[in-house]
Amino acid sequence: MIYKKTNNNIRHSINRHKNMKVKIEKIKTTLTFLIRCRNHGIIPNFIKNAMKNIYNIFKTPYFHHIPNTIKKHIDIFQNKILSLVIQQKHKQLEYKNKELQALDERLNSQMRKEDFDNIHDNENIIMSRTHNKTKIVQQRKFDKLKENQMRELNITLNDGWFVNKTNVEFPKDVKWLLSLGEKFGLPTSKQNFPLFKVIADGDDIIQTNNDKEQQEIMRTKFTTMLDSHLNKMRDSYRDKFINTTVAHSKTFLKQNKNILILNADKGNVTVAMYKDDYQQRMNEILGDMMTYQRLIKDPTSNLSKKNNELVEELFKNNIISTAEKKCLKTDVAIAPRLYGLPKIHKENFPLRPICSSVNSPSIQLCKYVVNILKNLTKNSKYNVSDSMQFRDKIKNLTIKDEEQMVSFDVVSLFPSIPVDLGLEIIEKRWDEIEEYTNMSKSLFLSILKFCIKDNRYFQYEGKRKDYLWVHQLLRL
């Protein structure tokens, strides 16, 4: 309808306006693709293909000794070309936007506002289709280039190391990084090299030598070694890929804040699950009122005070040294934290509750008591340190036809142990325990009860931040 009411000149301007917007949309999508390639250390195929002739020049016997040098310079050149192409696209986009603005002004002066707005609405529909279509094509190109990059860097994803319990599709590089686990050492670049920490740690080590002259010699050697390391420090292509993948993974997880990344209970596997699902499963565990009871007040402060009183008594009785006293006392303590690890080897992957006592009021005193008690079990025929020892114990075992080997899987083993019964058994074995400590029986039992009974509490932070629980064993 609009075209019938306009003359040929205006019709021509409308077509130019529509084509210009399509071109601008394509330039924007291409620019996004090129910037993504640069951020991920990927060279697009059109630049790689342009470099093939340069590679072919040096494919002769006369240049067999310089392939690494040539590759290094070509890689640098390709990255510069990519940056120049991005710069050129920015200028092209700026020029096209100016052209579009001039066409807007011309059409606006030649047409009614209603007709001009209708043209814009129709063009926006076309732009949306163009954008979506071009974006899909560029995304496929990028994914293919990413796969080629991973193949060239010998980076392979082990599907068994990452389990996704959500409906969200994780990018391949993000899955690869998460599958490496929390203990994987990330590469250090010049930008994040902890220079001051390294210098401070190095000087602390140097000062352990009492000879001042030797200290100066060691400082000179250390400075030379550090300077040489920093000058030679270059990020490999693999390191660049890992650092880029770390940034990509952080962005992806920020965009999916409803997803939680956890370690599996066994097998060094990383698990992704929904936060709401995790919290629901944890609340079901804590809903067992026969095992857990809600606390109104946080006992951490009182327990810290009691811990320090017991440590002071050990020191006054000359049972521990000044250094041990300093280690066992607690100044700033926090409540133990409860979290769950998914058991992916079981149906419906139930959570195994884990209580982290790091920096809790009695953590060091508990370790002190454990070092005494473990002497009772180290030679026990019922105690197995790991699966390798168990294998050695049963490898020569003969099982008769009428016999069966049975493995029992106890649900909630530790919460089901009666604490008073455990304390009673330990007290009965005091004759064996006193060989490994200078404490009196009464003091040892007081510390034991404090560690096992008084510290049976933890904090769980769900949707509400004030959930503080005590581990209350009611079925004794």
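Let's start with Asn375, which sits in the loop between α12 and α13 (387-394); helices here are DSSP runs of H or I with at least four residues, numbered from the N terminus. Is Asn375 buried or exposed? Asn375 counts as buried because its relative accessibility is 19%, and buried means under 20% relative accessible area with a 1.4 Å probe, protein chains only. Its side chain also reaches the backbone oxygen of Asn371, at 3.1 Å.

A quick word on what we're looking at: this is a predicted model, where local features need pLDDT of at least 70, side-chain atom pairs count only at pLDDT 80 or more, and totals for chains, interfaces and linings use all residues. Residues are numbered from 1 along each chain as its sequence is written, and side-chain values use heavy atoms, leaving out hydrogens and water.

Now to the largest nonpolar core, which has 28 residues. By that I mean buried Ala, Val, Leu, Ile, Met, Phe, Trp, Tyr and Cys residues joined through side-chain atoms within 4.5 Å. Leu314, Leu365, Met439, Phe444 and Ile447 touch the most other members. At least two residues each come from α10 (300-316), α12 (363-373), α14 (419-428), α15 (430-433) and α16 (441-454), and α16 gives the most, with 7.

Take Leu314: leaving aside residues up to four places away in sequence, its contacts (heavy atoms within 4.5 Å) include Ile319, Leu328, Tyr368 and Leu443. A second, separate core of 17 residues has Met20, Ile24, Cys37 and Ile42 among its members.

Finally, residues 86-113: an unreviewed UniProt entry places a "coiled-coil region" there. In our model, that span is 93% helix and 0% strand, and its end C-alpha atoms lie 37 Å apart.

Methods:
Buried < 20%, exposed > 50% of the residue type's maximum accessible area, 1.4 Å probe, protein only. Polar contact = N/O pair within 3.5 Å; in protein donor to acceptor, adjacent residues only side chain to side chain. UniProt positions renumbered as here; feature names shortened; annotations may be inferred.
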